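I opened this notebook to record what I looked up in the structure shown below.

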Amino acid sequence: MQCAPGILPRPGAAISRLGETTGIYVLSSPRVWEHWGRPLLRALGQRQRVRVRAILFDDSESAKDLATIEQISRQLVLAGADRHTTIVAMGGGVVGDVAGFAAASYLRGVRLVHVPTTLVAQVDSSIGGKTGVNLPEGKNLVGAFYPPQLVLTDPKVLLTLPHREYRSGLYEVVKYGIIADPELFMYLERHMLALLRRDAKALTWVITRCIRIKAHVVARDEHEGGLRHILNFGHTLGHALEAATRYRRFLHGEAIAWGMLAATLFGLATERLREPEAMRIMRLIGSVGPVPSLAGIRAAQLRPILAGDKKARGGRVLWVLPRRVGKVEWGIDLPWTLVSRTFAELPRLSATAKS
Ligand SMILES: NC(=O)c1ccc[n+]([C@@H]2O[C@H](COP(=O)([O-])OP(=O)(O)OC[C@H]3O[C@@H](n4cnc5c(N)ncnc54)[C@H](O)[C@@H]3O)[C@@H](O)[C@H]2O)c1
Ligand SMILES: [Zn+2]
């Protein structure tokens with residue numbers, strides 16, 4: 001794992017150090033390629049004597065499916081890719097999940113390198129080895145654990161990311177501060193403006209910190225028995241909001257922002273969390289900027305979605321709630337009356353919500 005500004009021009013050397021390869025296939029999307037394809041190809045070409053090729057595919061969530069895996073795999077066959085191929089996944093979480101699964105399954109597994117280009121991919125999806133695609137029945141239902149051999153993370157590639165997309169990733173960064181790292185949380189309180197400007201130094205500090213937290217949590221709990229649940233903070237309600245609005249109203253991080261606000265209110269209501277700590281959490285979430293409103297979404301509508309969540313046990317929703325900045329508790333069952341009452345209070349709480 002390497003994280004530094006300007007690392008993108010040096011991937012050739014890092015990939016060479018992984019050992020012999022017969023060909024490098026950069027799997028990416030047309031949009032990412034437009035910005036970062038040439039610099040990457042140039043840098044790879046300088047160092048490698050092997051063939052470097054690009055395979056581009058649609059990275060919209062609706063194309064994150066088995067048909068795309070088939071299409072990529074067939075292109076790899078046609079291009080003559082063998083067992084000693086290296087796949088470089090350059091893009092956001094969709095590219096990483098799809099290309100990662102293609103690498104895991106093509107000829108039963110070829111070498112995988114991630115070059116994450118969104119904040120979400122840099123602090124979350126490129127770490128932990130989860131790959132996979134959606135089925136019409138639901139998200140990420142088919143996949144594999146397939147950790148990459150190398151992750152090259154360059155905060156500079158975030159400069160071309162649309163601002164809303166970038167801010168959405170910042171909510172995931174805030175999540176790490178709340179669940180595990182009071183120092184990161186404090187840094188975010190002090191440097192949010194620099195981060196919103198995408199200052200390379202602030203970003204490098206923050207991304208490195210998030211990577212360390214996720215890697216630590218995943219290493220202690222590789223197959224999701226326990227500790228990994230803390231990463232789900234804000235995601236229980238967040239996923240339900242995304243599903244209830246058919247993934248159209250909120251970007252993922254925005255839905256998680258609402259989920260974290262709700263979890264903070266649950267923490268207060270169940271006397272797990274003291275008020276000053278709750279205020280700090282809510283203020284930090286608010287400082288990232290506006291999120292789409294909850295207008296028209298009713299708690300009753302969310303209930304069956306929550307009960308059907310992959311992480312629910314026998315219809316019982318298990319929540320992750322904050323105890324203080326840097327510490328959360330997981331596996332908590334809450335009475336539905338509290339959930340629905342809190343949900344009704346949520347819209348008033350966020351001064352930053354826009355309709
Ligand atoms: N595997 C995991 O552990 C894990 C964790 C979190 C999320 N995910 C998955 O990740 C996906 C979401 O990923 P995401 O939030 O990175 O979004 P994304 O991959 O959908 O990318 C968002 C948009 O930004 C564009 N883009 C990417 N990098 C860019 C750049 N540098 N400049 C300009 N445009 C750029 C993409 O083309 C896309 O249009 C979801 O499918 C989710 O399930 C997986
Ligand atoms: Zn998330």
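I began with the domains, whose bounds come from an automatic or database domain assignment. The model is predicted: local features need pLDDT of at least 70, side-chain atom pairs count only at pLDDT 80 or more, and totals for chains, interfaces and linings use all residues. Residues are numbered from 1 along each chain as its sequence is written, while chains are lettered from A and ligands numbered from 1 in the order in which they are written.

**Entry 1: domains.** I found domain 1 (2–159) and domain 2 (171–349). Their centres, taken over C-alpha atoms, are separated by 28 Å. I noted 15 residues of domain 1 in contact with 16 residues of domain 2 (C-beta atoms, placed from the backbone, within 7 Å). H5 supplies the largest share of the domain 1 side, 4 residues. Helices (H or I, at least four residues) and strands (E, at least two) are DSSP runs, numbered from the N terminus.

**Entry 2: sheet.** I traced an open sheet of 6 parallel strands in the order E1-E8-E5-E4-E2-E3. Two strands pair if DSSP finds at least two bridges between them. Strand E1 (2–3) and strand E3 (51–56) are the edges, each pairing on one side only. I also looked up strand E5 (residues 111–116), which 2 bridges join to strand E8 (residues 150–153). Histidine 114 has valine 151 in E8 as its bridge partner.

**Entry 3: ligand 1.** I recorded 27 residues surrounding ligand 1, the closest being Gly92, Gly93, Thr118, Val120 and Ser125 (C-beta atom, placed from the backbone, within 6 Å). Helix H2 (30–47), helix H4 (93–105) and helix H5 (119–125) each give two or more residues to this shell.

Terms used:
Contact = placed C-beta atoms within 7 Å.
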